[in-house]
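Hi,

Here's the structure I promised to pass along.

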There are 2 protein chains.
Amino acid sequence: MNDDITRLIASPVSFLADSGPDDDIAISSRIRLARNLAGWNFIEACDAAQLREIGTIIADAATASGALGCPECFDFKLDELDEIDREVLFERRLASRDLLNRPEGARLLIRPDEASSVMINEEDHLRIQSLSPGFQLDAVWQEINRLDDQIAAELDYAFDDRLGYLTSCPTNVGTGMRASVMLHLPGMTLTGELTPTVQGVTKLGFAVRGIAGEGSDNRGNLFQISNQSTLGESETDIIERLSQIISTLIAHEKQARRYLLEKEQPTLLDWVGRSYGTLRYAYVLSTEDALNSLSGVRLGVDLGMFSKLNLHIVNELFREIYSAHLQKKAGTELSPDERDIARATLCRERLAHLNK
Amino acid sequence: MNDDITRLIASPVSFLADSGPDDDIAISSRIRLARNLAGWNFIEACDAAQLREIGTIIADAATASGALGCPECFDFKLDELDEIDREVLFERRLASRDLLNRPEGARLLIRPDEASSVMINEEDHLRIQSLSPGFQLDAVWQEINRLDDQIAAELDYAFDDRLGYLTSCPTNVGTGMRASVMLHLPGMTLTGELTPTVQGVTKLGFAVRGIAGEGSDNRGNLFQISNQSTLGESETDIIERLSQIISTLIAHEKQARRYLLEKEQPTLLDWVGRSYGTLRYAYVLSTEDALNSLSGVRLGVDLGMFSKLNLHIVNELFREIYSAHLQKKAGTELSPDERDIARATLCRERLAHLNK
C-alpha cells in the first residue's frame, strides 16, 4: 500500500471539516472542467509513452503555476497504486471509475485539503475539479476559474472559437463544465415526492444520480444534481440555472421535513432512532445498511435531535464506511464478511466514543 | 377500569422477581389441575344462575381453606370487568381465552403474588394453576398438590375410581393435569435446529406452543412445552417424562448457544446489539418487533453482554409491552398506532433509565 494514500486519508479534508450554506441538505458543491492540450491526440489515440509525456507536461505546469498547492500537492500515478489504494481515491470522489479503469499513464494531482484536484488522462487530458461544502456553486466557480487560469498560463489548451473547449466526448464540448450539488433528500424520499421531482428535474435538462455516480441507486438518500448541456450557454448561465433548481429542491426538502415533523412525527423519529441504534449497536453492517442508517442519523442531526453527534462526524463516516477505506484502516485485505464486521466496529466505536 | 386490576398490575409478581433453576433458558414452570364439583352439571349444561352459585361455592371454599392467601386474594367476576381489564388478565396468563369468551358466571381467584390462581367456570368448574420461575416442575407439583388438598377439603370433587377426575373435555379426564414449562430458545431458532426438534417432541406425545398459547407462532422465541395425555399415568410419572424432555431441550439450547458463540459470533452479537438498539431508540414498535427484540436482549443478558440490564427487567417488559397493559398504564383506550408508540416509549424509557 502507498504511504501517500495513508497520508491523504490522515490529513484533514476542508470540505468535511468546514460548514457551508444550507449544509443541512446540501453536502457539497462541485465543478469540473474538461480540458485538452492543443497539438496532442485525445487520449483514446495516444500510446502509453504519449500518455506519460502528457502527464509530465501537466504535472510540471501545475508545479510551475503553484496551482493545487503544488509542489506540496499529492501526485499519484495510478498504475503504481494497488487496487485498494486506487479504490480509496474513488471512494473519496477524487478519481472517477474511468480513471481507475485505465490506469496506464493516468495521474491524479490533489491539493492537500482535497478541495481541488486534477485528473490527468481520464477521458480528457485534464479534468480539473473543485469542491466546497454546502451549496455555493458561485464560490466554487470563482475558485475553479482561478485554478483554470493558473494552469492555462503554463499550457496551451485545445480551443475552437466557435465551439469552445474541445473534448474527447462531444457531450462536453463548449464550456467543458459539469457543475453539481450533492443533496441529502430523506424527507422527500419518506413523503414519496422524490420520484416525481426527479422526473421533473430530468425533463428540465439536468441529471440526477445516486451517491456512487452514474446509474446508481438512492442509497443513503444522497443525490447529485448536475447540468447535462455544456454547449451554447456561458458557464455562469449554466450555474445560475442549476442553482435555481437546487434552491427549489432544498425548499421542497425543507417543506417535506416540516410536513413529517408535524404530521408523521413518530415515523420520522422512529427512523432516526432506529438508524442511530443500528450504527451504535450492530456488529455486522453492509454498505447499504450503513448508508441508510447514516442518512437517518444525519436527518436527526439536522433536526437537532442529538447533543453530541454533529454533521462533521456523520460526513466522515459517510466516507470511511467504504470498503477500501476500511481495508486501508485495517492495514490488510478483508473479505466481504470481514468488511461488514469492520464497518460495524467503526460506526459503533465512533458513536460510543461520543458518549464517554 | 377496575381498581383491583390496577392493584394487581402494581403488586410484585413472585415469578418475575425471583430467579429459578435454569432461568437463562426456562422462563417458568406451570401446572394446572382441572376439577369439577360432584352433583353439578358440567358448565356447558349450567344456566347463568347455576354458574354464579358454583362460583360462590368455590370462592367460599377457597376462603374457608385459606388457599391462595384468601380472603386477601384477588377475586374477579369476569362479567363485571371491561374488555381491557379482562385482556390484562389474559396477558398476565392468569385467564385463558376460554374464560374471557364466556364471562357470564366466570370468576378468577388469584394469590396476591400471582403464584397460584383458580379459574372458575372456564371449561371445568375449577382450573387450579400454580407457577414458579425457572425449571422446577417438582416444586410446582408439591405446591399445587397442597393447594388442591386444601380446596378439596372444603369441596366434593367429581371423581371416578377407575377413570380418576372427571372433566368436561375427555382429553383432561384422569389426572386432570396439564404441566408445562416456558422455554426461551433463540439459539436453536438461529441454528435452524428448532423445527426438527419440535417435531421430535411432538412425536413423543408432548405439545409445543408459542407464547400466546394454542396455535400461536414463535414470536419472541418463547415456547411452552406441555403434556398431552392425562390418563393412564400418575401425575409424578407425567412430570418425570416432561422433565426429561425439558432437560434435553435445555441441553440442546445451551449447545446451540455455545456453537453460535464459537462459530457465528458476529451474527449472534449483531442480533443482540440490533435488538437492544431497537428497544433503546425506536419510536414505533409493534408487538412482534418488541417480542423479537426482547428475545435478542434476553439472550444478551444470558451471555453476560450487559452490565445493568437483567432478566427481571426483560421479563417485566415481556409482559408490559402487551396492548391491554399499555392501555391500562396510559389510563385510556389507545388506537393500534398509539399502542405502537406507547410500546416504544415504554421500552425506550425503561432502558434509558438504566443508563442514568
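Let me start in helix α9 (residues 235-263) of chain B: Arg257(B) and Glu253(B) sit four residues apart there, so about one helical turn separates them. Their side chains meet in a salt bridge, 2.6 Å from N to O. Both Arg257(B) and Glu253(B) are buried. Before you read on, bear in mind that this is a predicted model.

A search over all chains turns up 48 salt bridges in the whole structure. Arg298(B) counts as buried because its relative accessibility is 1%, under the 20% cut-off, whereas Asp302(B) is partly exposed at 22%. Over in chain A, salt bridges with shared partners link Arg111(A), Asp113(A), Glu143(A) and Arg146(A) into one network.

Chain A also has a pair in helix α1 (residues 3-10), where Asp4(A) and Arg7(A) lie three residues apart. Their closest N and O atoms are 3.3 Å apart, in a salt bridge. Both ends are partly exposed: Asp4(A) has a relative accessible area of 28%, and Arg7(A) has 44%.

Now the interface. Chain B and chain A put 16 residues each into the contact, and the area buried between them is about 1300 Å², with carbon and sulfur atoms giving 65% of that. On chain B's side, Arg274(B), Tyr281(B) and Tyr283(B) supply 42% of the area that chain B buries against chain A, more than any other three residues. Two salt bridges cross the interface; one of them joins Asp289(A) to Arg274(B), N to O 2.8 Å at the closest. Helix α10 (residues 265-281) of chain B gives the largest share of chain B's side, 10 residues. By class, that side has nine nonpolar, four polar and three charged residues.

On to the largest nonpolar core, which has 54 residues; Leu309(A), Ile321(A), Leu309(B) and Ile321(B) touch the most other members. Leaving out close sequence neighbours (up to four places away), Ile321(A) touches residues including Leu291(A), Leu294(A), Leu346(A) and Cys347(A).

Last one: Pro12(B) is in the loop between α1 and α2 of chain B, and it counts as exposed at 68% relative accessibility. Pro12(B) touches Pro112(B) and Asp113(B).

Cheers

Key. Residues are numbered from 1 along each chain as its sequence is written. Chains are lettered from A and ligands numbered from 1 in the order in which they are written. This is a predicted model: local features need pLDDT of at least 70, side-chain atom pairs count only at pLDDT 80 or more; totals for chains, interfaces and linings use all residues. Side-chain values use heavy atoms; hydrogens and water are left out. Contact means heavy atoms within 4.5 Å. Buried area is the accessible area (1.4 Å probe) that two parts lose on being put together, summed over both. A salt bridge is a side-chain nitrogen of Lys or Arg within 4 Å of a carboxyl oxygen of Asp or Glu. Helices (H or I, at least four residues) and strands (E, at least two) are DSSP runs, numbered from the N terminus. Ala, Val, Leu, Ile, Met, Phe, Trp, Tyr, Cys and Pro count as nonpolar, Asp, Glu, Lys and Arg as charged, and the others, Gly among them, as polar. A nonpolar core is a set of buried Ala, Val, Leu, Ile, Met, Phe, Trp, Tyr and Cys residues joined through side-chain atoms within 4.5 Å. Buried means under 20% relative accessible area, exposed over 50%, partly exposed in between (1.4 Å probe, protein chains only).
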